[in-house]
Amino acid sequence: MTTPVAAHRPLIHHTGFWYFPVAFVARLPFAMMTVGVLALVVAMRGSVALGGLTSAAVGLGVVIAGPVLGDLADRFGQRRVLVPVGVANGILLAIFPLVVANAGADALLLSAAAAIGLTGPQTAAMSRSRVMALIGDRVDPARRERTFSRAMAYESAADETAFVIGPFVVGVLAALIAPWAPIAGAAVLSFVFVTAFALHPTGRAVPERSARAAMAPFRELVHPRMLVLVAAVFGVGLFFGSTLTSLTAFMEAQGAPEAGALLYGVMGVGSAVLALAVAALPVRFSLRWRLVAFSIVLTASAGAYTVGGSVATVTTVLCLMGIGVGPSLVTLFSLAGNRAPRGRTASTMTILASALTLAQALSSAVTGAVAESVSVQTAMLFPAVAALLVLAMAALNASAAPRWDAVTTAAGTGVAAAHAAPGSTPSSR
């Protein structure tokens with residue numbers, strides 16, 4: 001049953017004050033586990049290549065389980081999915097340092113990492129799905145498009161901030177306590193805050209859909225208008241993973257490998273700030289052209305990163321890279337929200353989140369191997385290659401978006417299309 005629209009009420013009235021803080025902290029285990037696994041394995045096993053490969057195992061688990069968890073949430077509700085997943089993830093994170101400390105076969109290490117990925121709580125994707133449902137059902141029609149834009153900007157900024165704080169916390173805990181401390185902290189957060197998020201009343205905003213007829217067919221998820229966004233998000237993930245791993249290798253060469261995660265956080269500061277600022281951009285600066293503009297900035301700054309140099313130079317370039325990557329990610333998730341097939345919002349968001357994490361992990365493995373077997377300078381070329389992929393997908397989307405989004409509007413899919421005010425048009429055009 002649809003809740004009547006509460007005119008003139010802000011979104012926070014429908015979520016409750018504590019929703020956003022809880023949803024933000026519940027993101028941290030997901031943000032910490034890939035970096036924490038990488039840092040722990042490098043510290044205890046002494047191999048950047050094995051650390052990158054272990055991170056790739058986490059990402060592989062995420063990409064396998066993510067779309068399945070999203071589909072289950074769309075069918076049966078988020079609470080039934082997130083509670084057992086969060087508990088299982090906390091247990092696996094808690095025992096992972098023991099697995100790393102055991103000098104046994106690497107296969108056991110990789111299997112444990114994959115299990116962590118399989119139970120990775122898709123909090124960010126689930127939060128977007130809840131917010132989209134609340135906006136569509138309870139926000140005044142005249143305010144939906146602006147509210148949606150701001151909400152997606154916040155959600156992406158929250159992701160960026162979590163992925164800044166996550167590596168930062170990993171670096172601090174590892175430096176002040178021990179390499180196992182970040183993973184133990186992630187386990188506690190998963191137990192407490194993922195469970196709190198799962199049980200929050202907003203979980204009922206996304207209706208349970210046990211009948212397939214209530215959902216768009218699966219083929220809508222693999223339409224070119226969706227796949228181009230998945231490919232672009234995959235490029236962003238490649239960028240994140242290659243930047244983090246090459247930066248870790250760069251700082252290891254400087255004699256301070258634990259500082260890599262801290263320095264990586266510098267990029268995220270500008271990224272998170274610019275992600276929030278996207279909500280203030282004029283509507284006439286459409287999403288497709290925003291993606292092109294910010295991907296150009298990303299590509300140019302990643303090109304400067306390849307030069308390397310001193311720690312000060314690399315830090316400056318990381319700030320510039322953050323200006324491009326944060327707004328690009330906001331724009332991609334906003335486009336995905338507009339195009340999400342009917343009844344498939346959680347599936348759409350988990351697919352994008354899985355693509356992001358898988359790419360991050362795979363690029364960590366490849367970049368780590370290259371840094372160890374070839375050179376750090378060669379590894380620092382990889383972020384520029386990833387940025388070029390994002391730019392190519394942005395150009396493809398810009399050329400085809402008017403046709404794709406016209407079909408989306410006619411089909412009544414996506415928040416911006418399905419709930420747009422009379423006479424309005426989706427901002428993605």
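Biologist: Which residues have the most contacts inside the largest nonpolar core, and how many residues does that core have?

Modeller: In soluble globular proteins, nonpolar side chains tend to be buried together. A nonpolar core here is a set of buried Ala, Val, Leu, Ile, Met, Phe, Trp, Tyr and Cys residues joined through side-chain atoms within 4.5 Å, where buried means under 20% relative accessible area with a 1.4 Å probe, protein chains only. The largest one has 106 residues, and F96, F239 and F240 have the most contacts inside it. Helix α10 (residues 224-253) gives the most to this core, with twelve residues; helices are DSSP runs of H or I, at least four residues, numbered from the N terminus.

Biologist: What should I keep in mind about the model itself?

Modeller: This is a predicted model, in which local features need pLDDT of at least 70 and side-chain atom pairs count only at pLDDT 80 or more, while totals for chains, interfaces and linings use all residues. Residues are numbered from 1 along each chain as its sequence is written, and side-chain values use heavy atoms, with hydrogens and water left out.

Biologist: Is T195 buried or exposed, and in which helix is T195 found?

Modeller: T195 belongs to helix α9 (residues 181-199), and T195 counts as buried because its relative accessibility is 19%. Leaving aside neighbours within four places in sequence, T195 is in contact (heavy atoms within 4.5 Å) with V87 and S190.

Biologist: At what angle do helix α3 and helix α4 pack?

Modeller: Helix α3 (residues 28-45) and helix α4 (residues 48-76) pack at about 150°, with axes 8 Å apart, the axes being lines fitted to C-alpha atoms over the stretch in contact and the angles running from 0 to 180 degrees between N-to-C directions. Therefore α3 is roughly antiparallel to α4, a term for angles over 145 degrees.

Terms used. Helix = DSSP H or I, 4+ residues; strand = E, 2+ residues; numbered from the N terminus. Buried < 20%, exposed > 50% of the residue type's maximum accessible area, 1.4 Å probe, protein only. Parallel < 35°, antiparallel > 145°, perpendicular 65-115°, else oblique.
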